[in-house]
Amino acid sequence: MSQVKQLEVVKIKDDASAVVILDQTRLPDHEEYLTLTKEGEMWEAVKQLQVRGAPAIGVFAGYAMAVLAHYNEADSYEAFQKEFDRQADYLNTSRPTAVNLSWALKRMKKFVADHKENLSDLKQDLIAEAKRIDAENLEMNRKIAEYGVTLLHEGDGILTHCNAGYLACLGYGTATAPMYMAQEKGMNIHVYSDETRPLLQGARLTSYELYKAGIDVTSICDNMASIVMKQGKIQCVMVGCDRIAANGDFANKIGTSGVAILAKHYGIPFYTLGPSSTIDFNTPTGDDIHIEMRDPEEIGTMWYKEPMILPGIKKFNPSFDVTDHTLVTGIVTERGIVYPPFRENLKKLFNK
């Protein structure tokens, strides 16, 4: 990706003494890094969206557990495993919707369970396993880019919602992956980025990273999606996903479902893009996805010098919504593009 200037989002120190993250709550005006060594700091980093995006959270989880293992002073394998599992289970409570978090933590726990070896060797091997999670994610995103770019045409306008670029997913990102690859191929595209209230990930993050990469991008308010579609400026919608159910329903940042409904109305193809780690075959439908509720004050006070909503007024602040599979044109994964019927075709693609 020589044409795309990227910041390092998640990394582990060479001696595994800390995991270092770009604090995404400070973007776009401040590019600041946090050095994390304790489980409470790591939990807060995920909860407070300092590190965010399902794939990036998965990579972070792997590195976080390797760092916690570095400080695990147990003198026996059994005591080490007990503390390791406790810390993994604790981190898993920070964000319940993004399946990559639990997926990566389960993988690290299984690695410990399968490697009853010298503790010093095990700690080093855990670093290597976390790096494998990172490398596999980057490769999956590259393949998503290759499949996704086949859906784009010269001159296309693309609408995206929230942030599923390299800040959230590393590498090419997921929803942005075809956009970056289109740029590499010299295609002329234009991206419309929803601001994504109330946390403004689209405005603060997606517009920021696409602009920095030299991709033609326009930031719009969430309630402007309909008019740009009606005006014929959008030929394709590409969004990320935090969890895909077995039937093709998927959870993504709040507002995604409304974008899908609009795309259906205007006859615009609507795709969600994500790695296989985002597909949860143990979740039958979107009704089974737990929706995280966030601090109501994010709506009325977070970005304002003075409250925009009176303190006594009730506020409703779900972090995600679920887009019904009937609104989805296709699901782009590292193994290919899946079309309806999703329950059958997801199983075929992943040999389930």
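Trainee: In which strand does valine 322 lie?

Mentor: This is a predicted model, in which local features need pLDDT of at least 70, side-chain atom pairs count only at pLDDT 80 or more, and totals for chains, interfaces and linings use all residues. Residues are numbered from 1 along each chain as its sequence is written, and side-chain values use heavy atoms, leaving out hydrogens and water. Strands (E, at least two residues) and helices (H or I, at least four) are DSSP runs numbered from the N terminus. Valine 322 belongs to strand β12.

Trainee: How does valine 322 count by its relative accessibility?

Mentor: Buried means under 20% relative accessible area and exposed over 50%, with partly exposed in between (1.4 Å probe, protein chains only). Valine 322 has 26%, so it is partly exposed.

Trainee: What distance separates the C-alpha atoms of valine 322 and histidine 290?

Mentor: Along the chain, valine 322 and histidine 290 are 32 residues apart.

Trainee: Is methionine 308 buried or exposed?

Mentor: Methionine 308 is found in the loop between α11 (297-300) and β12 (320-323). Because its relative accessible area is 52%, methionine 308 is exposed.

Trainee: Which element gives the most to the lining of the largest pocket?

Mentor: A pocket is an open set of points on a 1 Å grid over the protein atoms alone, where a 1.4 Å probe fits, with protein on both sides within 12 Å along at least five of seven lines; lining residues have an atom within 4 Å of a point. The largest pocket is lined by 21 residues, with Trp103 among those nearest its centre. At least two lining residues each come from α4 (99-114), α5 (119-148) and β11 (279-280). With 5 residues, the most is given by α4.
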